[in-house]
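Visitor: I am new to protein models, and I would like to know what the labels rest on. Please take me through one.

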Amino acid sequence: MIKKFKAINKAYKFRIYPNQEQQELIDKTIGCSRFIYNDFLAKAKDNEYKSYTKYSRQLPQLKKEYEWLKEVDSIALQQSLKDLDRAFKNFFSGKYNYPKFKSKRKARQSYRTQKFIRPSGSTNIEIKDNCIKLPKLSWVKFAKSKEIKGKINNVTVSKSKTGKYYISINVRQILKTIVNNNQGELGLDLGIKDFLTTSDGEHISNPGHLSKYEDKLAKLQKKLARKEEGSNNWHELKKKIAKVHTKIKNIRKDFLHKLSTRLTKENQLLVIEDLNVKGMLKNSKLAKHISDCAWNMFTTMLEYKSKWYDCILHKADRFFASSQTCSECGNKNPKVKDLSIRSWTCKCGATHDRDVNASLNLLQQGKLERGIN
Ligand SMILES: [Zn+2]
């Protein structure tokens, strides 16, 4: 067993409830940040881009010219220059277009501020209970739906199109990862009957209460079809349906998060099929199930969590006929193409559960492709 420490960045998003005065200051800061970005972009256009360091030295002069810039969080203005610097670096890399001016209406309404510790030991950003202290704004109430773990790097304050305010707190977390050298290699067969089957023979089904809400949703939708469109009842039902949708989405997300965390933590190699989900969605019979199972979402989670927990996620060739091949002898049995066949016996005498066999093949294929014995 090897214990390793690994630092990761993570963001927590919450809604905040600034008072009238704070709202005005947030709006102003967003405006000033945009102004800085656009002003220096114009300068760069006139006589080529300098550097963040050069431009940030010009900030005090600019503040003398435009007094109102002094009213807002000065770190936010520096961060705006850093964003511009990033945009230019991206452009110089050749992969991105020349930076564009930020329009008042189209650009994301946000600014970013960074945490620092004063020589006295006090900090400019602090969290206490369900309040956050932000530069210039002082204490703002927020909907703290979960505990924030780790050290705060920076905070982005944003305003939605509907006028709601949010913060995204970026933290640095130190994770202790345990790498198991001998065990923890799994092939994962993503399925329809079970959400997932592992090469260890574990069948993992979708959470039971998910189907309860799916039934509820189906009933409500039937009901909706009978109501007159636009009527009060119709609107009521629409609202109810939206609520059930959210509930289903949350249950599924929670399930996928827990499962992907467990699998990436416990294993050092995971092999999945590189499914062409888009291609499969064209098949309407499977479409509902596939989108329901949320394979895409799950794969994405596995992708980033495998990095957190030092696990290799390997995507095996998607044309590899994993269910039809006997994992014992390698013989191919085309009859298994029929999805209704759940178990089968090979010529060599081995009896297979369809999905366990598929995941065993995936594991073997993945190891072969990576050159692991
Ligand atoms: Zn066989």
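Predicted model: local features only at pLDDT ≥ 70, side-chain atom pairs only at ≥ 80, totals over all residues.

Visitor: What makes a residue count as coordinating the zinc ion?

Guide: Distance does. Donors are N, O and S atoms within 2.8 Å of the metal (3.2 Å for Na, K and Ca); water is not among the atoms, so sites may look incomplete. Here the SG atoms of Cys326, Cys329, Cys346 and Cys348 lie at 2.3 to 2.4 Å. Along the sequence, the donor residues follow the spacing C-x2-C-x16-C-x1-C.

Visitor: Why is the site of the zinc ion called tetrahedral?

Guide: Look at the angles. Four donors count as tetrahedral if all angles lie between 85 and 135 degrees; four count as square planar and six as octahedral if opposite donors are over 155 degrees apart and all others between 65 and 115; anything else is irregular. The four donor atoms here make angles of 106 to 114 degrees. Therefore the site is tetrahedral. The ideal angle for four tetrahedral donors is 109.5 degrees.

Visitor: What parts does the pair Cys326 and Cys348 tie together?

Guide: Cys326 sits in the loop between β12 (312-316) and β13 (343-345), and Cys348 in the loop between β13 and β14 (351-353), so the pair links parts 22 residues apart in sequence. Strands (E, at least two residues) and helices (H or I, at least four) are DSSP runs, numbered from the N terminus.

Visitor: How do you know whether Cys326 is buried or exposed?

Guide: Compare its area with the cut-offs. Buried means under 20% relative accessible area, exposed over 50%, partly exposed in between (1.4 Å probe, protein chains only). Cys326 has 2%, so Cys326 is buried. Cys348 has 44%, so Cys348 is partly exposed.

Visitor: What makes Ser138 stand out in its phi value?

Guide: Most residues other than glycine have a negative phi. Ser138 has a phi near 65 degrees, a positive value. Ser138 lies in strand β5 (residues 138-142), and its relative accessibility of 38% makes it partly exposed. Asp310 also has a positive phi, of about 55 degrees, although it is not a glycine. Asp310 is in the loop between α8 and β12, and at 28% relative accessibility counts as partly exposed.

Visitor: Why is the second largest pocket said to lie between domain 1 and domain 2?

Guide: Domain 1 (2-176) and domain 2 (185-370) both give residues to its lining, so the pocket lies between them. The domain bounds come from an automatic or database domain assignment. β1 gives the most to the lining, with five residues.

Visitor: How do you know which residues of the lining are nonpolar, polar or charged?

Guide: By residue type. Ala, Val, Leu, Ile, Met, Phe, Trp, Tyr, Cys and Pro count as nonpolar, Asp, Glu, Lys and Arg as charged, and the others, Gly among them, as polar. The lining of the second largest pocket divides into seven nonpolar, three polar and seven charged residues.

How values were computed:
Residues numbered from 1 in each chain as written. Heavy atoms only, no water.
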